[in-house]
Amino acid sequence: MKLEGFGIFVENMGAMVRFYRDALGFEIREEDEAENVYLVKDGVLFLLYRRRDFENMTGRPYAYARGLSGHFEVALGVENHAAVDRAYAAVVRAGGRSVMPPTTEPWGQRTCYVADPEGNLIEIAAFEGGGE
């Protein structure tokens, strides 16, 4: 099997589209209230899928995490430590919820966490030289 992408099942499509497009810079061409939003970011399929539509398609309800969710993270890399700080500040200004401010870990990576409007975790990180 080959990994082709991943999806997030969302409650408020408009808020999520605006966050991923405006705060994180994902190329999303659909309208804020589109039924499903497909995009490719750095060669990976990323899908925002409305929860009720998925439940209707599969014929069953699902349990969803509420509040800050620790089920998964979306990991984004930037070019260096200073870029982590800039990206964190920009995303928080654009509506991201601060979870952990930029911190340099003992292994040399600078990392931070924000949450999207529905509480999903997003990591922004870099090694100083831009790679491991």
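Reader: Start with the fold. How many helices and strands does the chain have?

Author: The model is predicted, so keep that in mind throughout. The chain has three helices and seven strands. Read from the N terminus, the order is β-α-β-β-α-β-α-β-β-β. The radius of gyration is 16 Å, close to the 14 Å that the globule rule gives for 132 residues, so the chain is as compact as a globular protein of that length.

Reader: What box do the C-alpha atoms fill?

Author: Along the principal axes, the box is roughly 45 × 35 × 25 Å.

Reader: Now packing. What share of the residues is buried?

Author: Of the 132 residues in the chain, 42% are buried. Take the contacts with a separation of 6 or more: residues 24 or more positions apart account for 50% of them.

Reader: And the surface? What share of the accessible area belongs to carbon and sulfur atoms?

Author: The share is 52%, out of an accessible surface of about 7800 Å² for the chain.

Reader: Turn to charge. How far apart are the mean positions of the positive and negative charges?

Author: They are 3 Å apart, for 14 positive and 21 negative charges.

Reader: How should I read individual charged pairs?

Author: Start from the general idea. Side chains of opposite charge can pair when their charged atoms come close. In this structure, a search of the whole model finds seven salt bridges.

Reader: Which residue forms a salt bridge with Arg51?

Author: Glu118 does, with the closest N and O atoms 3.6 Å apart. This pair links distant parts of the chain, 67 residues apart. Arg51 lies in helix H2 (residues 51-58). Glu118 lies in the loop between strand E6 (109-115) and strand E7 (120-127).

Reader: Are Arg51 and Glu118 buried or exposed?

Author: Both are buried. Arg51 and Glu118 also belong to a network of salt bridges, linked with Glu11 and Arg66.

Reader: Compare another pair. What is the distance between the closest N and O atoms of Asp22 and Arg21?

Author: It is 2.7 Å, and the two residues form a salt bridge.

Reader: Why does Arg21 count as partly exposed?

Author: Its relative accessibility is 26%. Partly exposed lies between the buried limit, under 20%, and the exposed limit, over 50%, so Arg21 falls in that class.

Reader: Which residue meets Arg86 in a salt bridge?

Author: Glu79 does; the side chains meet at 3.5 Å, N to O.

Technical notes: Residues numbered from 1 in each chain as written. Predicted model: local features only at pLDDT ≥ 70, side-chain atom pairs only at ≥ 80, totals over all residues. Heavy atoms only, no water. Helix = DSSP H or I, 4+ residues; strand = E, 2+ residues; numbered from the N terminus. Rg over C-alpha atoms; globule rule 2.2 N^0.38 Å. Buried < 20%, exposed > 50% of the residue type's maximum accessible area, 1.4 Å probe, protein only. Contact = heavy atoms within 4.5 Å. Areas by Shrake-Rupley, 256 points an atom, 1.4 Å probe, with all protein chains shown as cover. Lys, Arg positive; Asp, Glu negative; His and termini not counted. Charge placed at Lys NZ, Arg CZ, Asp CG, Glu CD. Salt bridge = Lys/Arg side-chain N within 4 Å of Asp/Glu carboxyl O.
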